Amino acid sequence: MAAQSTLRHSAAEEAIAAFIDKYTELIRSKLRNTSRITRLLATLALATTIILGGAGARQRWKRRREEREQGRKLVRTNSWLHNKDGSRTIYVPYQERDGPAKVVIHTTKPLTFQAHRRLFLNPPKVSGLGDGVVPSTQTKPGLNLAFLHQFLSLMSIMIPRWNSKESGLLLSHAIFLMMRTYMSLVVARLDGEIVRDLVAGNGKSFIWGLIKWCGLGSIASYTNAMIKFLESKVSIAFRSRLTRYIHDLYLNDNLNYYKIQNLDGGLGSGADQFITQDLTQFCNAAANLYSSLGKPFVDICVFNYQLYHSLGPLALIGLASNYSITASMLRKLSPPFAKLKAVEGRKEGTFRSLHARLIANAEEIAFYGGAETEKTFLDKEFKSLSKWMNGIYLVKIRYNMLEDFILKYSWSAYGYLLSSVPVFLPAWAGVGGKLEQLEHAAGTGRERSRMKDFITNKRLMLSLADAGGRMMYSIKDLSELAGYTSRVYTLISTLHRVHAAAYQVKGGDGELFSMSDVQGTTQLGFDGVRLENVPIVAPQVWPQGGEELIDSLSMVIRSGDHLLISGPNGVGKTAIARVIAGLWPVYRGLVSRPKANGEDGIMFLPQRPYLSIGTLRDQVIYPDGEADMRLKRKNDSFLKYVLDLARLGYLPDREGGWDTRKEWKDVLSGGEKQRLAIARLLYHEPKYAFIDEGTSAVSSDVEGLLYETCKEKGITLITISTRASLKKYHTFNLVIQGDRNDERWELQRIGTESEKMHARRELEELREKLAQVDQWKARHAEIERELGKVWVEGGESPLGESVVEDAQVVGAGVQDGGDVEVVAAEEQHEQMEEAEVEEPASGTTTDHQETETEADYEEAQEEMDEETETETEVGTMPTQESGEGKSSGGEGSGVIV
Ligand SMILES: Nc1ncnc2c1ncn2[C@@H]1O[C@H](COP(=O)(O)OP(=O)(O)OP(=O)(O)O)[C@@H](O)[C@H]1O
């Protein structure tokens, strides 16, 4: 054995040596025939290639490593890169080993939107989708021309160019689909051959047939897997295109994300359900349709040809009539799946938005203990959804029964019938019939051959039935697709309508202050804030007319003119900011404002502080990202400085650094959120800033500091507040008064002659009040004396203690009240003297207060006297009267205080 093995070993070695020798000799002989220079040059070229290749590979590796590192950093800091062509490079967490995945996002060009507007706002009349001038109440979704228009319009977004990635994917998908059809044909033939060999007892051919069968099987499984893979790729590619397009239209400078909800209202409960679930289902259905319609279509063409070839024209006519009868029957009997799906989508959307609302307001609901009520709302909505879906399932039972019976059983019976044509009617059966006749004449092997043809035809027929079945099933898929298409088309057309403000009314005027009645002008690039005859109108969703809050407002605020907008709740103070910010339309007049938002422009701090997702750094620099911050040459030390100014310097340490991510709206207190908003203001350093109740939760000492800091930084403040104490930080006061029917506004300069006069008068009144203090104190002592007497005299009374307590309460009330009054008056006096006009209090209020105070005091005094007299006279009092006496004493003290 060992010898044998050694022998085999040496034989193998010899073979290898011979091989090497052969090729070495070949190279040598080639080299011998070349000149020295050529050899030298070749060596040089080889060396250079190796060196350059190595260097290139090293550089590529280094670049990849750096990119990966950069990606990790950008993911950590929640940031991205701006590219020169306007696109953005973002890194998405992917695999730990390979680092984050890089994605380049190109924004959709405005020209593309303009080009698409025609498709979404002015659909052809024939499609029945309206003319786009008036927001259309959606055409009933179904298999009609409207669906075709909608689907093709969406296709122009999903496949923007013939050479785009999506076209490539669809082409590869089509190739694999054709491959599968071809495989089915080959399999059908092979099936027939194997059965024939088996019946004939031809073992060798039978085994060979089985080997071919297995080989074909592996290729067919690969083809099927690729078809599924490519279908998913197509779906995700469609979804990416549509999502990016929608995001570009939804989130841009035109504030469509706000307007779509507040001004248009075309999407009902919100766009979220449309963008997430409906869009996904549409893309899945569209990608699936390609294979569920495309593949059976190819199958039907090829198999029909094959069957025509072997079974003749009679079979073909039979097949064609079968298809048309089945299709028309199913179409007639099929329920309106498109409409059912569209309503289901809407119901899902409402249910989802209720959940989103609960999450967003969890704390408030928890404080109120509103779980039960919220659950009732949610259950109600879910019940409605589940009832609808149950209805759909019920409708589907009948349809599925019918579909199954027709497509599976009646079709296969029909298939057997057609396969028998060559046997029973050979003259009508094409090639199959001829063979049958020939073999009949020869009288040889007729059964075997018939068996083979029958098996092949049966398989073809089964595949054909399957393809036809799938075609018919896809009538249902197509209907469902029509439902999703209508939802996505509605979303995009509504977005286009909001983006282009396409609300013209055809013939006749629309409602006053409706979206078609916007006639005002907004001028951007003005150094200040100016309103000229602008009505402040709370808009209603189209086509209703808005509600006028302020008739016609005119004012100009220049740099350094700090303005306080004050007035009662709901009068329209924030509404002014909304009009200037462009959230609400300028129905009439002119609004001028700086162009830029943020640095050197204008900034709005809303009433409810908003905290974004992301790091602590993101909260300070919002709406900038880290990349923008670096571009502005600002860094974390600057952020720390800004936080210090906003009295929040402790935050980075407390929260564990700038890169910490938390649910910030839950982590920060109300006052901290407001101070963070001020920090944002100081970071962005705008020239003008609207602060809407931005310091209502901040302690008044810090509030003053924040205002002074902002002013020092050169920010012109426009504050919306009901706090009169903020007056001292402003130059003008826009006072809005009155209710909806009688609104008035007045722009006052703070510290004018009339205000000084008011202040002086107030001062005088306070002095008079102060002079009365001694008088009040004497009277107080007198009452106490009187009460003391009552206490001594009524000592034996069982209710005596109660009377004394009452008397003490009254006394304390008067005492405290007196003190409080004195301190308040003194404080006010000091303030007035400090800067006569710095913080004038309203004269009217003081007058009123004084009159009230004096009258109440006298009233209380009379009551006391009466009470004392009664008690002195009677000595003992019924319990109830004693109680009344107590309450009267309490009231008296309350009034005085
Ligand atoms: N999105 C909206 N759509 C329609 N009307 C609105 C909308 N928001 C507010 N309004 C209406 O506009 C009125 C003015 O609202 P605004 O927020 O300007 O009041 P405000 O003076 O700032 O009150 P507050 O002092 O309470 O903040 C409200 O009473 C409300 O009826």
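The points below go from the whole chain to its sheets, cores, ligand shell and a few backbone details.

1. A word on the basis. This is a predicted model, in which local features need pLDDT of at least 70 and side-chain atom pairs count only at pLDDT 80 or more, while totals for chains, interfaces and linings use all residues. Residues are numbered from 1 along each chain as its sequence is written.

2. Overall make-up. The protein chain holds 27 helices and 13 strands (DSSP runs numbered from the N terminus: H or I of at least four residues for helices, E of at least two for strands). Of its 897 residues, 29% count as buried. Here buried means 20 or more other C-beta atoms within 10 Å of a residue's own, exposed means 12 or fewer, and partly exposed lies in between, with C-beta atoms placed from the backbone.

3. The ligand shell. Around the ligand you will find Asn-262, Ala-538, Leu-549, Thr-722 and the run Asn-569, Gly-570, Val-571, Gly-572, Lys-573, Thr-574 and Ala-575; a residue is near a molecule if its C-beta atom, placed from the backbone, lies within 6 Å of it. The shell comprises 4 nonpolar, 6 polar and 1 charged residues, where Ala, Val, Leu, Ile, Met, Phe, Trp, Tyr, Cys and Pro count as nonpolar, Asp, Glu, Lys and Arg as charged, and the others, Gly among them, as polar. Helix 16 (residues 573-581) gives the most to this shell, with 3 residues.

4. Helix 16 lies across strand 5, strand 6 and strand 8, at about 115° to strand 5 (axes are lines fitted to C-alpha atoms, for helices over the stretch in contact, and angles run from 0 to 180 degrees between N-to-C directions). An open sheet of 4 strands has the order 4-8-5-6 with mixed pairing; strands pair if DSSP finds at least two bridges between them. Strand 4 (521-524) and strand 6 (547-557) are its edges, and the twist averages 25° from one strand to the next. Strand 5 (residues 529-538) and strand 8 (residues 590-593) run antiparallel, joined by 3 bridges, with Glu-532 partnered by Leu-590.

5. Strand 10, well worth a look. In strand 10 (residues 688-692), 5 of 5 residues are buried. Tyr-688, Phe-690 and Asp-692 are on one side, with Ala-689 and Ile-691 on the other. Strand 9 (residues 602-605) runs parallel to strand 10 through 4 bridges, pairing Phe-604 with Phe-690. Strand 11 (residues 716-720) also pairs with strand 10 in the parallel sense, over 5 bridges, and there Leu-717 stands opposite Ala-689.

6. The cores. The largest nonpolar core has 63 residues, and Ala-646, Ala-679 and Ala-689 have the most contacts inside it (a core is a set of buried Ala, Val, Leu, Ile, Met, Phe, Trp, Tyr and Cys residues joined through C-beta atoms within 7 Å). Helix 22 (residues 670-684) supplies the largest share of this core, 7 residues. A second, separate core of 45 residues includes Phe-151, Ile-157, Leu-279 and Ala-482.

7. Backbone details to check. A cis peptide bond joins Tyr-622 and Pro-623, with omega about 5°. Asn-533 has a positive phi, near 50°, and sits in strand 5; Asn-533 is exposed, with 12 other C-beta atoms within 10 Å. Arg-633 likewise has a positive phi, near 55°.

Conventions:
Two residues are in contact if their C-beta atoms, placed from the backbone, lie within 7 Å.
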